[in-house]
Amino acid sequence: MSAEQPCFTLIHVANDYEVPSEQQLKERFEKGDTKQKIETLKKLILMIMYGEKIGPSLMMYVIRFCLPSQDHTIKKLLLLFWEVVPKTSADGKLLHEMILVCDAYRKDLQHPNEFVRGSTLRFLCKLKEPELLEPLMPAIRACLEHRHSYVRRNAVLAIYTIYQNFEFLIPDAPEFVSNFLEGEQDASCKRNSFMMLLHVDQARALDYLIDQVTTFCDILQLIIVELIYKSQSAAVRYEAAGTLVTLTSAPAAAAASAYIDLIVKESDNNIKLIVLDRLIDLKENVSNERVLQELVMDILRVLSATDYEVRKKTLSLALELVSSRNVNEMVMLLRKEIGKSTNGDSKTEGAEQYRRLLVQTLHRATIKFPDVAEQIIPVLMEFLSDNSESAALDVVDFLREAVHRLPELRIIDQLHEVFPGICNANVFGRATWLLGEFSDTPERMVKLFSLIKTAIGSLPAVEAELCEREVEEPISEGSEQAQNEAAHCYC
C-alpha cells in the first residue's frame with residue numbers, strides 16, 4: 001500500500017471552468033509571451049491544488065520556459081508551483097527534474113536582487129526534501145553576509161528550519177548563528193537569531209543575554225528595568241510581571257503591583273477579570289501570600305471599577321488576604337464605599353447589588369476578626385432602614401449570628417435604637433422576632449413593647465369606641481380614669 005500524498009490547500013473552481021489540456025499548456029509555455037506564461041502558470045497551480053496530476057513532460061516545459069525568466073511575478077508564482085507540485089515519484093524517490101530546479105534556486109540565492117534572494121530563502125523553509133537542500137547549504141550560509149537585512153533575516157529563518165528538520169545538514173548551526181548574532185546590528189536579524197538560539201540552544205542564548213547586559217553600566221541597567229516597569233503597553237507589563245513570578249518569589253510584590261496597576265488603569269472589564277485571576281493564582285503560592293497581605297489596600301483600589309463581577313472578585317480576594325494588621329483600614333475603606341453607594345442614584349439595581357456585596361463582606365470580616373465588630377455593627381445597623389430590602393435582610397441575619405457569637409457587644413440594645421427607623425415589613429418582622437427572642441431582661445421586654453406600641457400607633461377600633469362613649473355619656477373623673485386604664489390595659 002503506497003503512502004498517502006501530502007494534502008495542500010483546496011480552493012473553489014467554478015463549475016464552468018474549462019481545464020486546459022496538457023498540450024495547450026505546453027504550447028502556451030513554449031510560444032506565449034510573459035503575460036501568457038503568467039496566466040498559464042496560474043492555471044497550472046490551480047489545477048494541482050484542485051487535485052489534477054501533471055506528467056514529467058509538462059514539468060520540463062515549466063523548467064525550460066519559466067524557470068530561466070527574470071520576471072518577478074513569474075518567480076513568485078514558481079515558488080508556489082514548486083511548493084505544491086509533487087517532487088517524488090510513486091516509489092518515494094526524488095524526481096530527476098528537481099535537480100534542475102535545485103540548480104536554478106542555487107542561482108537565485110546568489111541573485112543581485114535582494115527580493116529574489118529573500119523570497120527564495122522563505123521558500124526553502126517549506127521544503128521537506130533534504131536531497132534538494134543539501135546542495136544549497138553553502139549559498140544559504142553566504143546569504144548571512146548579504147548587505148540587505150531582508151536577506152539576512154530570512155537566511156536565519158531558513159537555517160533555523162533546516163536545523164530543526166535536518167540537523168545533519170548543518171550541525172554547527174547554533175555556533176554559526178551565535179557568531180552571526182554577536183556582530184549583527186539590525187534588530188529584526190538579531191531577533192530571529194536570538195529566537196533560534198532560544199529554541200535550539202538555550203545556554204548560548206543565555207550567555208549572549210548575560211554578556212550583553214553586563215556590558216551596560218549600572219545606571220543603564222536600572223533604566224532598562226524602569227522602562228519595562230513604566231511601559232505603557234499592558235501586554236509588556238503583564239508578561240514581565242508573569243516572568244518575574246516564574247523566576248523567583250522575591251519579586252512577587254513588584255509583579256502584584258504591576259497587576260494591580262493594570263487592573264485599575266485598564267478599561268476593558270474582561271481584561272480586568274483575567275488579570276485578577278493571575279493575581280489570585282499568585283496568592284496560591286504560600287511564599288507570596290505574606291507579600292500580598294501588605295497590598296490589600298492597593299487591591300481595594302480596584303473597587304473604583306463599576307462592573308459587579310470585578311468588584312465581587314476583588315472583595316473576595318481582599319477578604320482572603322486581610323490580616324489583623326490592616327483589617328481596620330479595610331473596614332474604614334468599606335465604610336466609605338457604603339457611603340458612596342447610598343449617595344446619588346442609589347436605587348439602581350447595580351447600586352443595590354453593590355451595597356449588599358459590601359454588607360456581606362463586612363459580615364464575613366466581623367466573623368473572621370471579632371475585634372473589629374464594634375466599629376462594623378453600627379455601620380451595618382444603618383442598613384436596616386435602607387430601601388434595599390435584600391441588604392437589610394442580610395444585616396438581620398448577620399445580627400442574629402453576632403448575638404450568639406458576640407454577646408458582649410450589647411447588640412440588642414443597639415437594635416432598640418434603630419428599630420423605629422425600620423420601614424420594610426419583612427425586615428420589621430425579622431427584627432421583632434430577634435428582639436423578642438433575645439430580650440432576656442424585664443427592662444428589655446418593656447422597651448420592646450414600648451417600641452412596638454410606638455410603631456403600631458393607636459388602633460382604629462379602640463379610638464372609635466372611645467369617641468362614641470364620649471358622646472353618649474357625660475365624662476366624669478372616674479369614667480375618664482377607667483377609659484385610660486382600659487386603653488392602657490389593651491395596649
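This report describes the helices, cores and ring contacts of a predicted model.

## Basis of the model

Local features are reported only at pLDDT of at least 70 and side-chain atom pairs only at pLDDT 80 or more, while totals for chains, interfaces and linings use all residues. Residues are numbered from 1 along each chain as its sequence is written, and side-chain values use heavy atoms, with hydrogens and water left out.

## Overall make-up

The protein has 28 helices and zero strands. Helices (H or I, at least four residues) and strands (E, at least two) are DSSP runs, numbered from the N terminus. Of the 491 residues, 41% are buried; buried means under 20% relative accessible area, exposed over 50%, and partly exposed in between, with a 1.4 Å probe and protein chains only.

The accessible surface is about 28,200 Å², and carbon and sulfur atoms hold 53% of it. Accessible areas come from the Shrake-Rupley method with a 1.4 Å probe; for residues, only the protein chains shown count as cover. Among contacts (heavy atoms within 4.5 Å) with a separation of 6 or more, 62% join residues 24 or more positions apart.

## Nonpolar cores

A nonpolar core is a set of buried Ala, Val, Leu, Ile, Met, Phe, Trp, Tyr and Cys residues joined through side-chain atoms within 4.5 Å. The largest has 65 residues, and L279, L384 and L399 have the most contacts inside it. Helix α23 (residues 389–405) supplies the largest share of this core, nine residues. Another core, of 61 residues, lies apart from it and includes I45, M59, C66 and L136.

Leaving out residues up to four places away in sequence, L279 touches A256, Y259, I260, I263, L292, I299 and L317.

## Helices α6 and α9

Eight of the eleven residues of α6 are buried, so this helix is largely enclosed by the rest of the structure. The buried residues are V116, R117, G118, S119, T120, L121, F123 and L124. Their cover includes α4 (72–84), α5, α7 (130–133), α8 (137–142) and α9.

Helix α9 (residues 149–165) has 17 residues, of which 13 are buried, so α9 too is largely enclosed by the rest of the structure. Its expected span is 1.5 Å times one less than its number of residues. That gives 24 Å, and the end C-alpha atoms are 24 Å apart, which agrees.

## Aromatic pairs

Rings of Phe, Tyr and Trp (its six-membered ring) pair if their centres lie within 6.5 Å; planes under 30 degrees apart count as stacked, over 60 as edge-to-face and the rest as tilted. The count by this rule is four aromatic pairs. The ring centres of Y61 and F65 are 5.6 Å apart and the planes are at 40 degrees, so the pair is tilted. Both residues lie in helix α3 (residues 56–65), four residues apart, about one turn of the helix. F65 is buried, at a relative accessible area of 18%.

Y105 and F123 form a tilted pair, with 5.1 Å centre to centre and 35 degrees between the planes. Y105 belongs to helix α5 (residues 97–108) and F123 to helix α6 (residues 114–124), so the pair ties together parts 18 residues apart in sequence. Y105 is buried at 4% relative accessibility, and F123 is buried at 6%.

## Charges over rings

A charge sits over a ring if NZ of Lys or CZ of Arg is within 6 Å of the ring centre and within 35 degrees of the ring normal. The charged end of R141 sits over the ring of F176, 4.6 Å from its centre. R311 places its charged end over the ring of Y354, 3.8 Å from the centre.
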